[in-house]
Every structure is written in structure tokens, then in C-alpha cells.
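Biologist: I have a chain here that I would like to understand piece by piece. Please take my questions in turn.

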Amino acid sequence: MIRTTEESHERKAKGESLQLWVRDYLRNLPNIHDPEMIQSQKMSTHGEDILIEDEVRKHLPVSIECKKSKTGFAKTYAAMEQAIRQAAAMGSVLDIIPLVYIQQDGHEPLMVIRPDDGVKLFFGNMTEEEDDANEIH
């Protein structure tokens with residue numbers, strides 16, 4: 001529970017650090033030619049945490065929400081570590097991407113994936129021709 005304005009500012013600063021990391025990560029992808037097309041939303045503003053201009057969203061059709069917490073995600077990280085170990089142990093010549101499905105009672109399942117792997121999935125099938133970028137092959 002936040003009791004003071006100072007506590008509120010501290011919590012927002014922690015959350016903002018993740019938003020800025022995501023913004024910078026996406027801006028530095030080789031497919032992004034104008035970093036200004038990806039922005040971090042101001043803290044306490046309603047809506048998406050990462051603002052993506054339509055030109056980029058054509059190739060990265062996502063809405064990003066960022067949640068940072070000191071605790072509460074331990075089981076998710078443990079599951080991802082297990083998926084990473086299992087993928088590494090497969091000994092496949094394929095680039096196996098570890099992912100985790102999670103579900104809390106009363107909610108739909110969610111898929112957890114590492115940022116680099118998500119980018120591989122989104123941008124991996126893109127062609128030079130924009131008309132083909134979102135087609136399934």
C-alpha cells in the first residue's frame with residue numbers, strides 16, 4: 001500500500017525503468033530505422049505503456065504493458081528457467097525457443113517468452129516486400 005507521495009514516486013520510478021528498458025530494446029532492433037517511432041508512455045497515463053507508431057506496428061502488432069515487482073513472479077521465472085534447460089538439452093540443430101504458458105484460476109492462459117525470442121518470431125518471417133510481411137507462409 002502506498003502511503004505517501006514519496007512512496008508513489010519511488011514505485012513509479014521503478015516501473016518506469018522497465019518501460020524505458022523495453023522502449024530502448026525495441027528502438028535498437030535492426031528493423032527499426034527511426035527510434036522516435038517507439039516511445040515510453042508517461043507514468044500514470046492510461047493505455048499502453050509503450051507507444052508504437054503504425055508504420056512499426058504493421059510488423060510488430062502488439063500492445064505492450066509493463067509490470068515490475070520486487071516479488072510475485074518467482075514461479076514464472078522458475079518455469080522459464082526449466083524451459084530454457086529443456087530446450088538446451090534437446091540437442092537439436094533447430095533453434096528451439098523456450099516458452100512458458102501460465103494460467104491463474106479464472107483467467108485465460110498467457111504465454112511467456114524472452115524478448116530476443118519474441119523478436120525472432122515476429123520479425124523472422126518478414127520479407128523485403130511490405131505486402132508479404134504479415135502473410136502466413
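Biologist: In which loop is V93 found?

Modeller: This is a predicted model, where local features need pLDDT of at least 70, side-chain atom pairs count only at pLDDT 80 or more, and totals for chains, interfaces and linings use all residues. Residues are numbered from 1 along each chain as its sequence is written, and side-chain values use heavy atoms, with hydrogens and water left out. Helices (DSSP runs of H or I, at least four residues) and strands (runs of E, at least two) are numbered from the N terminus. V93 is found in the loop between α3 (74–89) and β3 (99–102).

Biologist: Is V93 buried or exposed?

Modeller: Buried means under 20% relative accessible area, exposed over 50%, and partly exposed in between (1.4 Å probe, protein chains only). V93 has a relative accessible area of 86%, so V93 is exposed.

Biologist: Which residues make the nonpolar surface patch with V93, and what is its area?

Modeller: A patch takes residues with over 30% relative accessible area and no salt bridge; nonpolar side chains (Val, Leu, Ile, Met, Phe, Trp, Tyr) are joined within 5 Å, and like charges within 9 Å. Areas come from the Shrake-Rupley method with a 1.4 Å probe, and for residues only the protein chains shown count as cover. The patch is made by M90, V93, L94 and I96, and its area is about 450 Å².

Biologist: Which residues touch the most other members of the largest nonpolar core?

Modeller: In soluble globular proteins, nonpolar side chains tend to be buried together. A nonpolar core is a set of buried Ala, Val, Leu, Ile, Met, Phe, Trp, Tyr and Cys residues joined through side-chain atoms within 4.5 Å. The largest one here has 16 residues, and those touching the most other members are L26, L29, I50, I52, V56, L60 and I64.

Biologist: Which element supplies the largest share of this core?

Modeller: At least two residues of the core come from each of α1 (5–27), β2 and α4 (115–123). The largest share is 3 residues, and the element supplying them is α1.

Biologist: What covers the buried residues of α1?

Modeller: The buried residues of α1 are S8, G15, Q19, V22, R23, Y25, L26 and R27. Cover is judged by contact, meaning heavy atoms within 4.5 Å. What covers these residues includes β1, β2 and α4.

Biologist: Which residue forms a salt bridge with R23?

Modeller: A salt bridge is a side-chain nitrogen of Lys or Arg within 4 Å of a carboxyl oxygen of Asp or Glu. The closest N and O atoms are 2.8 Å apart, and the partner is D24.

Biologist: How many residues apart are D117 and K120, which form a salt bridge?

Modeller: D117 is buried at 4% relative accessibility, whereas K120 is partly exposed at 40%. Their closest N and O atoms are 3.6 Å apart. An α-helix has 3.6 residues a turn, so residues three or four places apart point the same way. Both lie in helix α4, about one turn of the helix from each other, and their separation is 3 residues.

Biologist: Which residues are linked with D117 and K120 in a network of salt bridges?

Modeller: The structure holds 8 salt bridges. Besides D117 and K120, the residues linked in this network are D95 and R114.
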